[in-house]
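Thanks for sending this one over for a look. Please keep the structure open beside the notes as you read.

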Amino acid sequence: MPSRDKPRSPGSDRLRALAHPLRSRLLAQLRVHGRATATDLARALDTHTGATSYHLRRLAEAGLIEDTGTGTGKRRVWAAAEPAGRAEPEALDEDDLAAEQWLQRDYIEHFAERAGAWIDDSGRWPDTWQEHCGLADHAVLVTTEQLTALAAEMAEVMERYRRAGAGSPGARRVAAYTALLPVDPPPSGG
């Protein structure tokens, strides 16, 4: 049983805040579509503004989103905070680990919805977009050190392109999902 005396880490607070379907969708909406009010988010996610406002405040308390200071009262404008790293596994208790697993499964469902929408709409996009968007897998053979380097390089590329199209009329947002998943069984002995 987890110790109730052990202080929770910021990573633990973020996990617990996100382990709620509406909160994870609110954060995803802000990350993908940018700044928005509670009313805008409620409309986009087909929910009530009261619930949306409540959950936005919980996300802000966990440091996942922030008030931009550009709105007032009910017209407060929210933005996703810069993504923080994952919590260290040793800092997580059983409840945190359960929240992390739920969040990962919810993330997969969200990805499946977005990928399905692309499949349905891909024919409406220009050929170049059809050629480069969609699903692909790339098998690589790496050591632990090379896996670490690969993940870092992928994060660096994503950061470099985060706002590359800003100001270009033809630019469109693209969600880039990464999933480095082992194919082989884990090494014996852990």
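The numbered points below go from the whole chain to single residues and pairs.

1. Ground rules first. This is a predicted model, in which local features need pLDDT of at least 70 and side-chain atom pairs count only at pLDDT 80 or more, while totals for chains, interfaces and linings use all residues. Residues are numbered from 1 along each chain as its sequence is written, and side-chain values use heavy atoms, with hydrogens and water left out.

2. Overall layout. The protein chain has 7 helices and 3 strands; helices (H or I, at least four residues) and strands (E, at least two) are DSSP runs, numbered from the N terminus. Along the sequence the order is α-α-β-α-α-β-β-α-α-α. Of the contacts in the protein chain with a separation of 6 or more, 62% are between residues 24 or more positions apart, a contact being heavy atoms within 4.5 Å.

3. Surface and burial. The protein chain has an accessible surface of about 13900 Å², and carbon and sulfur atoms hold 53% of it; such areas come from the Shrake-Rupley method with a 1.4 Å probe, and for residues only the protein chains shown count as cover. Buried residues are 24% of the 190 in the protein chain. Here buried means under 20% relative accessible area, exposed over 50%, and partly exposed in between (1.4 Å probe, protein chains only).

4. Helix α2. The buried residues of α2 are L22, R23, S24, R25, L26, L27, A28, Q29 and L30. After α2 comes G34, with a positive phi near 90 degrees.

5. R25 and its partner. Which residue meets the side chain of R25 in a salt bridge? The partner is E113, at 3.7 Å from N to O. This pair joins distant parts of the chain, with R25 in helix α2 (residues 21-33) and E113 in helix α5 (residues 94-121), 88 residues apart. A salt bridge is a side-chain nitrogen of Lys or Arg within 4 Å of a carboxyl oxygen of Asp or Glu. R25 counts as buried because its relative accessibility is 18%, whereas E113, at 48%, is partly exposed. Leaving out residues up to four places away in sequence, R25 touches L45, D106, H110 and E113.

6. Other salt bridges. The structure holds 6 salt bridges. In one of them, the closest N and O atoms of E61 and R58 are 2.4 Å apart. Both residues belong to helix α4 (residues 49-61), where E61 and R58 are 3 residues apart, about one turn of the helix. E61 has 60% relative accessibility and so counts as exposed. R124 and D121 also meet through their side chains, at 3.5 Å from N to O; R124 is exposed at 71% relative accessibility, and D121 is partly exposed at 31%.

7. Strand β2 at E66. E66 sits in strand β2 (residues 65-67) and is partly exposed, because its relative accessibility is 44%. Which residues does E66 touch, not counting those up to four places away in sequence? They are V77, W78, A79, A80 and A81.

8. Tryptophan rings. The structure holds 3 aromatic pairs. W118 and W125 have ring centres 6.2 Å apart and planes at 50 degrees, so this pair is tilted. W125 and W129 are also tilted, at 5.2 Å centre to centre and 40 degrees between the planes. Rings of Phe, Tyr and Trp (its six-membered ring) pair if their centres lie within 6.5 Å; planes under 30 degrees apart count as stacked, over 60 as edge-to-face and the rest as tilted. Ring pairs link W118, W125 and W129 into a cluster. W125 is partly exposed, with a relative accessible area of 30%, and W129 is partly exposed at 25%.
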